[in-house]
Amino acid sequence: MADDTPLLRLDKLSTWFRTDRGPVKAVDGVDLEVRAGESVGVVGESGSGKSVTMLSVMRLVPSPPAQHQGRVLWKGEDVFGWNARRVRKFRGRECAMIFQDPMTSLNPYLKIGLQLTESIELHLGLGHHAARGRAAEMLGRVGIAMPEQRLDDYPHQFSGGMRQRVMIAMALSCDPQLLIADEPTTALDVTIQAQILELIDAQRKAAGTGLVLITHSLGVVAGMCDRTVVMYAGRVVEEGRTEDVFASPRMPYTIGLLKSVPRLDVRETRLVPVPGTPPDPQRLPSGCPFRVRCPWAEDRCAAERPELREVQAPGAARHRIACHVDVTTTPPRHDPASFGKVNP
Amino acid sequence: MSTQTEARRKSADMSNVVLSVRDLKKWYPIRKGLFSRVVAQVKAVDGVSFDIHAGETLGFVGESGCGKTTVGRTILRLLDPVTAGSAHFQGTNLFDIQGEELRAMRRKMQIIFQDPYSSLNPRMTVEAIVGEGLTVHGLVSSGKERRERVQELLKKVGLDPVRHISRYPHEFSGGQRQRIGVARAIALEPDLIVCDEAVSALDVSIQAQIINLLQGLQEEMGMSYLFIAHGLNVVEHISHRVAVMYLGRIAETAPSEKLYSGPAHPYTQALLSAIPDTDPDAPMNPEVLEGEVPNPINPPPGCRFHPRCRFAQDRCRSNDIPIPVYEIAPGHSVACILGEQVAGAVKIGEQTGA
């Protein structure tokens, strides 16, 4: 494999769901790349399509009822062309996923040890005894005390943070090349969140695993990821190095998101929220889906859908936005406060 | 500090105490066996004291299970009976009153819940939800008057008074539903609103809208907020003062700008450093707290934070020596032995062991 082939590449990936009220496009032409050892943060609000994008990658959105368009390339191979056997090898062995809620992703009837060794035996071809050893080693690595004894415990005997540690141990047990973490800390308290993020980061760096971190928390991405992808209404609207996206965001939605978060080190009197509400995916506005909430919107934004385009970033790093306007030279046309009115 | 901030600070009248809570305790018994013998107590809230002034926002932060929600609900008499303590609201002890007197008092205290989906009755229209309190307390004499009052309230919270009034909760988005919850809470022009994780379930862009709405309403109507949330950045932003809770007790109370610039309790320091900053250059987790919050059924003796504390000494670990509470600056108090090292610290109380 040549060095410049990314581990994972999404090429205009779209995912529709059929509903009684007509098709809903949850993911709409997403382009994304993840290279070996790289960490990419995918941020967006609920319904922006960030989870469905990654579930599509894992072939966890069955088709039908969903329909896919575009390609998902794993080291250049088209994931949608694979048979069930190849997909099984991909899931768990090559690419592992951690979900938000550790209670519902562990089977409450089975001991932790059985759940851990299942994939180890399958993927690494180890015997039962060796697999148990490997499982205990993984539990120890994620900071669970007395790992051999804890293999015989059930999920309810672990706290929320500990269950998420078990999930991480399970995901990393077969040395995957890519780890997809979908809101891994959203259900956890902040001090536990800090522990889990540090653990993911350390384990990933030690093994050289790539990471896709899906989250709605801008702070988590800022601390963890090399690159940041911002999604809105199923599309990628901004993408670049994390420091560029946070220090000089170029897409009005990203600017709005960053201004919406109260900062501890700055005493702001009033936040500047993004006006309005996220659009109904069945009734997306024409052109740019963000234009109805955008202070910079102009006539062109309604007429023409903005495609991702390159913009100038420091050090010639790649920075792309889906926006017609150059916010660095154009002042906003509308006062954000003036669109305080909400329309259902 | 901007002039707007100063105006906001002034809007809180620090000489006028609206609510004064002393040594509040709420324990839940655990019963077992044939005769439902009490075998243990969950000490959800275990000796909490604070004051809220007119027009002030007092924030309560802490991790899940620290008792912050129980504090809010106990004061509103939504969790009876209280185990011990007093809560004087405009001079009346809320735990002494019953029946008609309590109902009259409830007009002055309202609550906004976390979940805008389950806290609105799906079978009632917006008019019925927002106007229910007006009817119950006899504040409107006719249906027409009620409709007009509700329309005014909807306008205040940024909803459409004509189109939205006869709709049902399911027709609204999460942010709009929370606006309905706010309209219901302000309908009776209360003096105190308990905001129980009122913005926690919302997306960040919507969260900022609701925070601004709550701040604007406070400036306009002058009520006090007891703002309960686990997101320290949100609490710090909206509150004049913040109380940090840990395992049923207040660890530190401070003016919100002080909390960030000079946290005195080791737990507050750890909590602050655990919050991911949106600045990518900021160091990530310089101080990760180890372990988890202990079980409130069997809290650690002495200072409840000592098993996770970097500074813990022998005297922190014993029930024999009470934990001193120091005032280290005006309005800034800390329940920790480290408080005595701060110049000018005055001991104002103590927390006894479990």
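Good morning. I begin with Ala233(A), which is found in the loop between β9 (227–232) and β10 (235–241) of chain A. Helices (H or I, at least four residues) and strands (E, at least two) are DSSP runs, numbered from the N terminus. Ala233(A) has a positive phi of about 50°, although this residue is not a glycine.

A word on the source. This is a predicted model, in which local features need pLDDT of at least 70 and side-chain atom pairs count only at pLDDT 80 or more, while totals for chains, interfaces and linings use all residues. Residues are numbered from 1 along each chain as its sequence is written, chains are lettered from A and ligands numbered from 1 in the order in which they are written, and side-chain values use heavy atoms, with hydrogens and water left out.

Let us turn to the interface between the chains. How many residues does the contact take from chain A and from chain B? Chain A gives 46 residues and chain B gives 50 residues, where contact means heavy atoms within 4.5 Å. Between them, the two chains bury about 4,300 Å², with 56% of it on carbon and sulfur atoms. Buried area is the accessible area (1.4 Å probe) that two parts lose on being put together, summed over both. Leu264(A), Arg267(A) and Arg270(A) supply 19% of the area that chain A buries against chain B, more than any other three residues.

A salt bridge is a side-chain nitrogen of Lys or Arg within 4 Å of a carboxyl oxygen of Asp or Glu. The count between chain A and chain B is one salt bridge.

Which helix gives the most to the side of chain A that touches chain B? The answer is α8(A), with eight residues. By class, that side of chain A has 22 nonpolar, 14 polar and 10 charged residues. Here Ala, Val, Leu, Ile, Met, Phe, Trp, Tyr, Cys and Pro count as nonpolar, Asp, Glu, Lys and Arg as charged, and the others, Gly among them, as polar.

Glu220(B) forms a salt bridge with Lys156(B), with the closest N and O atoms 3.6 Å apart.

Pro81(B) lies in the loop between α2 (68–75) and β4 (84–89) of chain B.

Finally, I return to chain A. An open sheet of four strands there has the order β2-β1-β4-β5, with antiparallel pairing; two strands pair if DSSP finds at least two bridges between them. The edge strands, β2 (22–34) and β5 (77–78) of chain A, each pair on one side only. Thank you.
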